[in-house]
Amino acid sequence: MRPTPRVSIVLPTYNGAKYIRQSIDSCLGQSYGNIELVVVDDGSTDATPSIVHSYQDERIRYVRHKDNMGLPHALNTGFAAASGDYLTWTSDDNFYAHDAIERMLSFLKNRNCAFVYCDFYRFDDHDPSRRRVIKLPDSLSLENENSVGPCFLYSREVLKAVGNYDPDAFLDEDYDYWIRVSKRFSMFHLSEPLYFYREHGESLSMSRFREGTMVGILVRMKNELLDMDRAINLLVALAAQKYPRYLGMNKILVRILHSRRINRVLRSFETGKLTLKGARLALEDIVTDN
């Protein structure tokens, strides 16, 4: 009799005490029992460690960084520790439907494929009863946007082929990873909402939206999905959002103010003189509110 495959769920967290119990409970309460939950505490200074240690469940593995290293590093630590045949990761402020892992695993086995992504529910933290289903496309257009979503499962073969998350792609590390996956594997859509995504002001996607958008543009350049002229236009438009008073006066002025500086940074990035992180840092003052 073939052994039941193990699924490893990596849960990176940094000061996630407010929501993490619900996230952990949704992992441990899955209808599919052979799971491993790898909690990577990225240097939390709140009650996160004591919450995790309050669980007496042998399926939990707890790994702690002494210092906060950022999400990509936490993910890489988690997957290095994971022993599962199938892998995924979740956020400390979101949670799974009861049968999410079972449904995704069944899909992968029945279709004999390596990667599946699912629809999900999006809800407002202030009113959880008001939720809406986010339907994802059957065919991904990763050259335009990150449309994989927050609920997915893939085989260990994917990890072996694609490797680690890129720490330089912080804020869009998943987008960069999915692009790299798509170059080696077919990515299939399971049209069922199996995940609950919480909207709140403290999430990285909300609190650092403009910076994340900027990184997404650099990620597409890195993976040769976006040429430099188009990247400059997108970054100039993003920079213009910092100065709304200019928009009603002279859009050409905004382009003149920023395009030359952005051009210099992207030229250095394109030729390898700047890393993705270096380009991000060089663009921050131009594009973001930092």
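# Close-up views of a predicted model

**View 1. Ala-100 in its helix.** With a relative accessibility of 0%, Ala-100 counts as buried. Here buried means under 20% relative accessible area, exposed means over 50%, and partly exposed lies in between (1.4 Å probe, protein chains only). Ala-100 belongs to helix H4, residues 100-111. Helices (H or I, at least four residues) and strands (E, at least two) are DSSP runs, numbered from the N terminus. Leu-153 is 53 residues from Ala-100 in sequence. Their C-alpha atoms are 9.7 Å apart in space. This is a predicted model, so local features need pLDDT of at least 70 and side-chain atom pairs count only at pLDDT 80 or more, while totals for chains, interfaces and linings use all residues. Residues are numbered from 1 along each chain as its sequence is written, and side-chain values use heavy atoms, with hydrogens and water left out.

**View 2. Strand E1 and its covered faces.** Strand E1 takes in residues 7-13. Seven of its seven residues are buried, so E1 is largely enclosed by the rest of the structure. In a regular strand, side chains alternate between the two faces of the sheet. On one side of E1 sit Val-7, Ile-9, Leu-11 and Thr-13. Ser-8, Val-10 and Pro-12 are on the other. Both faces are covered.

**View 3. The neighbours of E1.** E1 pairs with strand E2 in the parallel sense, over seven bridges. Two strands pair if DSSP finds at least two bridges between them. Leu-11 has Val-39 of E2 as its bridge partner. In it, Val-7 is bridged to Tyr-86 of E4.

**View 4. Strand E2, covered on both sides.** E2 runs over residues 35-41. It is mostly covered, with seven of its seven residues buried. Ile-35, Leu-37, Val-39 and Asp-41 point one way from the strand. Glu-36, Val-38 and Val-40 point the other way. E2 also runs parallel to strand E3, residues 60-64, and five bridges join the two. In E3, Arg-64 is the bridge partner of Asp-41.

**View 5. Two crossovers between strands.** E1, helix H1 (residues 20-28) and E2 form a right-handed β-α-β unit. From E2, the chain crosses through helix H2 (residues 48-53) to E3, in a β-α-β crossover that is right-handed. Right-handed here means that, with the strands pointing away from the viewer, the path from the first strand over the helix to the second runs clockwise.

View 6. Is Cys-27 buried or exposed? Cys-27 is buried, at a relative accessible area of 0%. Its place is in helix H1. From Cys-27 to Phe-123 is 96 residues in sequence and 19 Å in space, C-alpha to C-alpha. Thr-45 lies in the loop between E2 and H2. Thr-45 is exposed, with a relative accessible area of 69%. Thr-45 and Ile-262 are 217 residues apart in sequence. Their C-alpha atoms are 37 Å apart.

View 7. Helix H8 covers residues 209-222. At 1.5 Å a residue, its 14 residues should span 20 Å. Its end C-alpha atoms are 20 Å apart, which agrees. The expected span is 1.5 Å times one less than the number of residues. Of the 14 residues, 11 are buried, so H8 is largely enclosed by the rest of the structure. Among the buried ones are Arg-210, Glu-211, Met-214, Ile-217 and Arg-220. Just after H8, Glu-224 has a positive phi of about 60°.

**View 8. H8 against two other helices.** H8 packs with helix H12 (residues 276-287) at an angle of about 140°, and their axes are 10 Å apart. That makes H8 oblique to H12. Axes are lines fitted to C-alpha atoms, for helices over the stretch in contact, and angles run from 0 to 180 degrees between N-to-C directions. Angles under 35 degrees count as roughly parallel, over 145 as roughly antiparallel, 65 to 115 as roughly perpendicular, and the rest as oblique. The crossing of H8 and H12 is right-handed. Helix H6 (residues 173-182) also meets H8: their axes come within 9 Å and cross at roughly 25°. H6 and H8 are therefore roughly parallel to each other. H6 passes H8 in a right-handed crossing. A crossing is left-handed if the near helix is turned anticlockwise from the far one by less than a right angle, and right-handed if clockwise.
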